[in-house]
Amino acid sequence: MTQIGEIALVIALLIAVYSGIAIFIGARRGKAELMTSGRWGILVVCGLVTIASAALWYAFLTRDFQVSYVYQYSSRGLSTFYTISAFWAGQSGSLLLWVWTLAIFGVVVVFQTRKRNTDLAPYVLLVIVAVEAFFLWIVNFASPPFARSVAIPPDGNGLNPMLTNSGMFYHPTTLYLGYVGFTVPFAFCIAALITGKLGDQWIKSTRRWTLFAWFFLSVGNLVGAWWAYNELGWGGYWGWDPVESASFMPWLVGTAYLHSVMIQQRRGMLKIWNVGLIVTTFVLTIFGTFLTRSGVLSSVHSFGESNLGPMFVGLMMVIIIGSLGLIWYRAPQLKSENELDSLLSRESSFLFNNVILVGAAFAVFLGTVFPLISEAVRGVKITVGPPYFQSVTGPLFLGLITLMGICPLIGWRRASRDNVLRNFLYPFAIAITGVAALFLFGVREPAVLLGLGLTTFVVFTILLEIARGVLARHRTSGRNYLSAFGSLVWGNKPRYGGYVVHLGIIMIAIGVIASQAYQVEKEVTLSAGESAQIEDFTLVYQGLDYFPTVNREVISATLDVYDGNQKKLTVLTPAKTFQGKDENGVSEVSVRTTLTGDLYTILTGWDDKQQASFKFIINPMVSWIWLGGLVLIIGTTIAFWPDAREAKRDAIIQAEARVAVREVVYEA
Amino acid sequence: MRLRGLTVLITGLLVLLAPAAPAYALSSKDIQKELMCQCGCTMIVDVCDCETANQIRTKITELMDQGQGKTQIVAYFVGQYGEKMLASPTKKGFNLVAWILPFAAVIVGATALFFILRAWALKGKRGAEEIIILLQPVSAQESEEYRGRLQEELKRYKEEGSA
């Protein structure tokens, strides 16, 4: 079976190369048969990569340890669930997952472009198949997943215990859907540059792809944060590790792009800026894959150094130089008639938002690569860690939140100053009242007051905007408020979906601000029966339990948790698990989660006499981050939902195009 | 106007977020947060629970007991492990590039954007001047005239409709 996988990958590479050439020549010389053949090739490549992926899973599930990759990342004791996820536990499998995801997206694009976008399609598919070929080259020659050893080891090395968490299923997969998803808008952009059709057709065609990729990148990052919080056992969710930064950068630039394309769609402006943003986003996704896999920067995510660095640098150079060349070549068409009705308009606020988002991405990029720059310039190795990123990005994010609040207050095209001020008044007054209330309750930190004041302001500008819409509908159509609300949101899904996403982001921001500012921590050593106090909680240590499970040894402590009134709230069982040869063990934290805060317990040590050491952490409002993530999912789904009016509009455009073609044919 | 607001905001935030001189007693945690664990975990000492981090913590307590201050203790570890022990770059010399460049980039970008947008708005205004002339407020007499005409036309429209 593994041989079948190996052969499938070789043939897939050959067919990918053939498809690229066939599509290119077909498009250049107008040979429809060649193009069709190339399109079929993309379907075949997907089929072959699917076979290869199935073969890898087969090797894992049948414990074929002669395959080095299977030996490296699984063992007989590993449950089926984690054996399936071991597919992407290492480099070769991750890259296979990359190319498989892209191959599936390629097929979707082939079907989407059967009748639509026939002018752009050849070059869109060419770019996709070229990227597929690059990754197929790597999984064939540089990092083959099916490489075999001579001997057949009796058992495998086992999966890194850190990776035996349900996050292993969702974090890499969602992140990859996001990373790989950005290939499609990038491919459309390059196709628009090649064909010179630089209107908003390519942007309209890729709105959902961009939203899809952005959505999964957001979810992937949040799931990663949740995983770190629940598995790494240090009480935090974001450590500014180079690889975390690597997946955050395309998110920032992608977010800027999602906003700025709206201006091109409405006004035909900013063509070159949008092209630049999507190319940057795509390069950053490759940069992210490169950072994870190259071992250039030390990170919790890099599983051993590899020889892939130069290839990825080469790919990035090709993308950057190629895109810049095309932009240079198309510069005359990219110039747009730039005009604004007023400086005070939503267009302006979107562009300031772009400056901050791109600035934040630049800050994260600079911090991530600065150790390399320092070594090159001064010859001194330095670290750029969390304190740097927090102090540099903190002010930028507060600026961004401010704009999130101001933006809905300003209409498209032109807003009168009086109008903006009137809209500004209520949310601002509520925010000030909120800040005053927080101050009275003892909050004194300026950054927290400012942060929470701004988030309150944003929430109320959004609520005010929605309330106005509902009232207007209620008045004009006589619907009741609920139905007016429903029809408002459903009538303009991208807009209101966007507002819901903003609310989600604000919830995440509140969770981050509160948990960063008010984390309380206590380290104690207790004997059985002794108790410790943290804030209002009393934790009574009942003793240790030792027990083996199917594939690991567990040492678990029992802690009874009481509140200030000595009412028993829950029982927490922080543990440490040991698997195979691993001597350090993995912390299994035990957390009591409420909306106001988490009580987070870690077992750090113990002795033979049932004495145990703990770290207790109070993490205020962390659950708001995860709830904000859910709201973000709901908002993006609303924005993504098929729109009957949009479909109708498109149908008219299509019909007009067909009529135009017919007229040309008749005239001829 | 907005630009000035933004600059003030960013400068204000920088001032607010700059670490203030500690008015409280030095704790081991304050030092742990500024040092990077050297076990290869890429985490700060404060949150790492490996053996290396434990040793570093013990050493910090030992040095604090000897009466050493934060600067001295941090300097000790830099002497031991090199500058890479610091969780963030020092704010001097070449490292200032890392601290200043992001803000400089955003400020320069926002300033440039402000002037570009102003130019675009001026261009848009010139183009819209004709329309604006048409939209000039009319005198009370004129407005009365228009209203009369509108009523007349509406009446005619209704009559035609019912006919």
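**View 1. Chain B is built from six helices and zero strands.** Helices here are DSSP runs of H or I with at least four residues, strands are runs of E with at least two, and both are numbered from the N terminus. This is a predicted model, where local features need pLDDT of at least 70, side-chain atom pairs count only at pLDDT 80 or more, and totals for chains, interfaces and linings use all residues. Residues are numbered from 1 along each chain as its sequence is written, while chains are lettered from A and ligands numbered from 1 in the order in which they are written. Of the 163 residues in chain B, 23% are buried, meaning that 20 or more other C-beta atoms lie within 10 Å of the residue's own; exposed means 12 or fewer, partly exposed is in between, and the C-beta atoms are placed from the backbone. Take the contacts in chain B with a separation of 6 or more: 47% of them link residues 24 or more positions apart. A contact is a pair of residues whose C-beta atoms, placed from the backbone, lie within 7 Å.

**View 2. Here chain A meets chain B, with 49 residues of chain A in contact with 41 residues of chain B.** On the chain A side, helix 14 (346-377), helix 15 (386-406) and helix 17 (446-477) each supply at least two residues. Helix 14 of chain A gives the largest share, 13 residues. By class, the chain A side has 26 nonpolar, 18 polar and five charged residues. Ala, Val, Leu, Ile, Met, Phe, Trp, Tyr, Cys and Pro count as nonpolar, Asp, Glu, Lys and Arg as charged, and the others, Gly among them, as polar.

**View 3. Chain A is split into domain 1 (1-164), domain 2 (411-518 + 628-640) and domain 3 (520-623).** These bounds come from an automatic or database domain assignment. Taken over C-alpha atoms, the centres of domain 2 and domain 3 of chain A are 38 Å apart. Five residues of domain 2 of chain A touch five residues of domain 3 of chain A. The domain 2 side of that meeting has three nonpolar, two polar and no charged residues.

**View 4. An open sheet in chain A has four strands in the order 1-10-9-8, with antiparallel pairing.** Strand 1 (520-526) and strand 8 (590-593) of chain A sit at the edges with a single partner strand each, so one side of each has no neighbour in the sheet. From one strand to the next, the twist averages 15 degrees; axes are lines fitted to C-alpha atoms, and angles run from 0 to 180 degrees between N-to-C directions. Strands count as paired if DSSP finds at least two bridges between them. Strand 9 (residues 597-606) and strand 10 (residues 612-620) of chain A pair over nine bridges. Look for A:Leu599, which stands opposite A:Ile618 in strand 10 of chain A.

View 5. A:Ile555 counts as partly exposed because it has 18 C-beta neighbours inside 10 Å. Beyond residues up to four places away in sequence, A:Ile555 touches A:Leu544, A:Tyr546, A:Ala575, A:Lys576 and A:Trp606. Four bridges join strand 4 of chain A to the antiparallel strand 6 (residues 575-578) of chain A, and A:Ser556 stands opposite A:Ala575 in strand 6. Strand 6 of chain A also pairs antiparallel with strand 7 (residues 586-588) of chain A, over three bridges. There, the bridge partner of A:Thr577 is A:Val586.

**View 6. A:Ala52 lies in helix 2 (residues 32-61) of chain A.** With 29 C-beta neighbours inside 10 Å, A:Ala52 is buried. Setting aside neighbours within four places in sequence, A:Ala52 is in contact with A:Gly5, A:Ala8, A:Leu9 and A:Leu96. A:Leu9 is 43 residues from A:Ala52 in sequence, yet their C-alpha atoms are 6.4 Å apart.

**View 7. Helix 5 (residues 91-112) of chain A is mostly covered, with 17 of its 22 residues buried.** At 1.5 Å a residue, helix 5 of chain A should span 32 Å, and its end C-alpha atoms are 31 Å apart, which agrees. The expected span is 1.5 Å times one less than the number of residues.

How values were computed:
Contact = placed C-beta atoms within 7 Å.
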